[in-house]
Amino acid sequence: MRFFAATLLVVSTLVIGCSPDKTQQLPNFVIIMTDDQGYADLSCFGGQHVYTPNIDRMAAEGMKLTSFYVAAPLCTPSRAALMTGSYPKRVDMAYGTNFVVLLAGDGKGLNPEEVTMAEVLKSAGYKTGIFGKWHLGDQPAFLPTRQGFDEFFGIPYSHDIHPYHPRQDHFNFPSLPLLDGEEVIEMDPDADYLTRRVTERAVKFIEKNKAHPFFLYIPEPIPHKPLHVSPPFMESVSDAIRDKLKEENNSIDYETRDKLFRQAIDEIDWSVGQILDSLKKHGLDEKTLVIFTSDNGPAVGRADPLRGRKGSTFEGGMREPTVIRWPGKIPSGAVNDELMTAMDLLPTFAKLAGAEIPSDRVLDGKDIWPVLTGKSKSPHEVFFYHKANELAAVRSGKWKLHVKDGSPEALYDLETDISESQNRLENHESVTKRLLVYIETFQQDLAQNSRPAGFVDNPKPLSK
Ligand SMILES: [Ca+2]
């Protein structure tokens, strides 16, 4: 009866339009996406080397997603897929011009014609903010403010793309810019404070927009190398080591690096706590979906029991420690092992916001709301793993096939062998054949339904 009454209220609001602002009813969306955090780098995912009480609490109040994938094992393509709901290769963002990811002053970027998650939600009346690392193009035409975000504070690409890079003799990277909107406000900001500053801006954004539906995207630049943590987290690190930290953390001993990694995760967890506290303080808990995940597997951290790390199409490179929370809507204390992907967030959020998604192009993401509410199995019959432009593996159900130049290389049963340790290629010809057909069909689809990246002439690194 209560459900019936609530339905009537919603219907009458929509029909009569009596609400002063119907957007008041819409949920908020918060995506916290860290950089290079592994499957085991949360306590609630079994990590003994880290301590993440806030994220664990989020899991206790929400749901752990144990088969949540990003579409690529590296920053740029993974983020392109999140923003567009499409495989990186479909939007020509599987690699940068001169490197596997975009570098400073790259003439390539996510095509301004792409309709991003921010643009989709903005069209439904949302306020939109991104605080952290973008990495989808640093030229003015490619900045997040041109892709649907009202506010941007952060860095255009990874913070190791700077003159202290250990291979600077090869790369010759310019100084790292810090942006507010489209304006460069600092050069070579102290990276120790990145997490803290990004968090403070995100909290301000919530305060400012508490009475209005918002989409808040927090792509945390850490724990990508070199690891940086603000005081007091950094207190136990000596000055001599701090000097070395500007580089890749390669010249410090493992013990120090592991300690620093733990502190970096401590600060990430603090950051998540700040966001959750702010939502609670403003009474937004039950109006807000929050998802925590990472853009690809670990460089420093751990992915066990998964095989592979950042850059790999083994599970450890692309299956991410993911927690989703929306009190009253998503079951609490639940674990969901259905296959879901970062590409699914765009169509799912669009549906929840009543927003239109583009119908003139192919999107690969699917609405996973029925899966998150426990009403349905994964909508993905198949999922593809790419390394740059190369299709390297395919998963359907429990089976995962790795291929090299289109030929089968190894077959794993992820249900009994999550670590991909026992090649089952022998005696499984029909499974292998079925998976190869998926690949062939997908390649044909991509050949017909891909879209170009954006390109600008005479690109220049950003400077103040
Ligand atoms: Ca990354």
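How many bridges join strand β16 to β17? Six bridges join β16 (residues 399–404) to β17, and the two strands run antiparallel. Within this pair, K400 stands opposite Y412 in β17.

This is a predicted model, in which local features need pLDDT of at least 70 and side-chain atom pairs count only at pLDDT 80 or more, while totals for chains, interfaces and linings use all residues. Residues are numbered from 1 along each chain as its sequence is written. Helices (H or I, at least four residues) and strands (E, at least two) are DSSP runs, numbered from the N terminus. Two strands pair if DSSP finds at least two bridges between them.

**The four-stranded sheet**

β16 and β17 belong to an open sheet of four strands in the order β14-β15-β16-β17, with antiparallel pairing. β14 (383–387) and β17 (407–413) each have a single partner strand, so one side of each is left without a neighbour in the sheet. Neighbouring strands are turned by 20° against each other on average, direction ignored. Helix α12 (residues 429–448) lies across β14, β15 (390–396), β16 and β17, and runs at about 125° to β15. Angles run from 0 to 180 degrees between N-to-C directions, and axes are lines fitted to C-alpha atoms, for helices over the stretch in contact. Two residues are in contact if their C-beta atoms, placed from the backbone, lie within 7 Å.

**The ten-stranded sheet**

A further open sheet has 10 strands in the order β8-β7-β6-β5-β9-β1-β10-β11-β2-β12, and its pairing is mixed. Its edge strands, β8 (183–187) and β12 (334–336), each pair on one side only.

**Helix α8 and helix α2**

α8 (residues 254–281) also packs with α2 (residues 53–61), their axes 7 Å apart and at an angle of about 50°. The two helices are therefore oblique to each other (angles under 35 degrees count as roughly parallel, over 145 as roughly antiparallel, 65 to 115 as roughly perpendicular and the rest as oblique). The residues in contact are as follows.

| Helix | Residues in the contact |
|---|---|
| α2 (residues 53–61) | P53, N54, I55, M58 |
| α8 (residues 254–281) | D269, V272, G273, L276 |

By class, the contact has five nonpolar, two polar and one charged residues. Ala, Val, Leu, Ile, Met, Phe, Trp, Tyr, Cys and Pro count as nonpolar, Asp, Glu, Lys and Arg as charged, and the others, Gly among them, as polar.
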